[in-house]
Amino acid sequence: MKKSRITGIGHYVPDQIITNEYLSSIMDTNNEWIVERTGIEERRWFTPGKDTVTSMSLTASNMAIQRAGIANKDIDFIIFATITPDYFVPGNGVLLHRELGIHGVPALDVRNSCSGFIYALSVADQFIKTGMYKTILVVGAEIQSSALDKSDQGRSSAVIFADGAGAAILQAVDQDQYGILSTHLHADGDFAEELYLKDPGSSREVRLSPEIVDNPSFKMFMNGNTVFKHAVVRFNEVILEALEANGKNKSEIDLLVPHQANLRISNYIQQKMGLPDDKVFNNIMKLGNTTAGTIPIALSEAWEQGRLKEGDLVCLAAFGSGFTWASALLTW
């Protein structure tokens, strides 16, 4: 049996920088309030007419492909994690597929929000382990700024969510080589409405109408306190689960890359794990929460900054809407 290894990583974030000062000019908020509650100083929002989920993911994918030293034709499968596809139907995987020109290669979309990239990574890992595919492109990408309520009522979400894309190439390697050691996936649908975007939903008599568009159900809703309380528990649990499954302890982690939900959450988990600053990677301060994009973007930036070295023990962890949570432990 083979194992899977990340051999290339890439990312793209839009040019448009949205500062806390700008948000303060369009809603009742301020820099101190945002930084204290989220740690975010600025984020990126897409430029209409330039950026799409497809175009952003294509740039990130091309970077990952080049860094992996492969050609487009070497890709056997695309797994695309997003909750903000360019089209309602079809999924974004086939749109990226078309741009890459790899006709006939299957594409699968994953809609697990903040845990989406790790879920997609886990699916790719299983396919490689079984020998069905040898080279898989895994993508996490979002354009969320167009779905945010940018009024005073929606400020708690609007200051957090952002746009961007990340991509990774997974390839089959021998068992004695570096690669993914294990992945761990969980969900609890009892809390689905604590972080969700209800419309346009298919179970309404009319899926889209002026009344629905003007209704709060058409904008992102988040119960911040409930999300925070569950996130700090589940993050800790799923990281420890990954370590225990592989006979590792916290001190052996070389780099923890958590989903960039909130800097307060990341700092709390870092404290619980007893990890120094150089063993945790955060970029939410400058990029905000890009949901399925946060972990691959962070991995790509960490690699560029020299914080990922061959053989490093790396832990990925995420928590988000659903609720869903997940982790992956790997040697880089």
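Colleague: Before we start, what counts as buried here?
Modeller: Buried means under 20% relative accessible area. And keep in mind that this is a predicted model.

Colleague: OK. So is Phe-319 buried or exposed?
Modeller: Phe-319 has a relative accessible area of 3%, so it is buried.

Colleague: Which ring does Phe-319 pair with, and how do the planes sit?
Modeller: Its partner is Phe-323. The centres are 4.9 Å apart with 55° between the planes, and that makes the pair tilted.

Colleague: And how accessible is Phe-323?
Modeller: Its relative accessibility is 1%, so Phe-323 counts as buried too.

Colleague: How many aromatic pairs does the structure hold?
Modeller: Six. One of them joins Phe-191 and Phe-323, with ring centres 5.2 Å apart and planes at 10°.

Colleague: Why do you call that one stacked?
Modeller: Because planes under 30 degrees apart count as stacked, and these two are at 10°.

Colleague: What about the accessibility of Phe-191?
Modeller: Phe-191 comes out at 22%, which is partly exposed.

Colleague: Which residues make up the aromatic cluster there?
Modeller: Phe-191, Phe-319, Phe-323 and Trp-325 form one cluster.

Colleague: Switching topic: which charged ends sit over Trp rings?
Modeller: Lys-150 has its charged end over the ring of Trp-45, 5.0 Å from the centre. Arg-155 lies over the face of Trp-33, at 4.5 Å from the ring centre.

Colleague: Now helix H5. What span should it have, and what does it have?
Modeller: H5 covers residues 116–130, which is 15 residues, and at 1.5 Å a residue it should span 21 Å. The end C-alpha atoms are 21 Å apart, so that agrees.

Colleague: Which of its residues are buried?
Modeller: Quite a list, including Phe-117, Ile-118, Tyr-119, Leu-121, Asp-125 and Ile-128.

Colleague: What follows H5?
Modeller: Gly-131, with a positive phi near 85°.

Colleague: Last one: how many cavities of 30 Å³ or more are there?
Modeller: One. The largest cavity holds about 40 Å³ of space.

Colleague: What lines the largest cavity?
Modeller: Val-13, Gln-260, Asn-283, Leu-287, Gly-288, Thr-290, Thr-294 and Ile-297. That lining divides into three nonpolar, five polar and no charged residues.

Technical notes: Residues numbered from 1 in each chain as written. Predicted model: local features only at pLDDT ≥ 70, side-chain atom pairs only at ≥ 80, totals over all residues. Heavy atoms only, no water. Helix = DSSP H or I, 4+ residues; strand = E, 2+ residues; numbered from the N terminus. Expected span 1.5 Å × (residues − 1). Buried < 20%, exposed > 50% of the residue type's maximum accessible area, 1.4 Å probe, protein only. Phe/Tyr/Trp six-rings, centres within 6.5 Å; stacked < 30°, edge-to-face > 60°. Lys NZ or Arg CZ within 6 Å of the ring centre and 35° of its normal. 1 Å grid on protein atoms, 1.4 Å probe; cavity = no way out; pocket = protein on both sides within 12 Å on 5 of 7 lines; lining within 4 Å. Points joined across faces, edges and corners; volume = space filled by probe spheres on them. Nonpolar A, V, L, I, M, F, W, Y, C, P; charged D, E, K, R; others polar.
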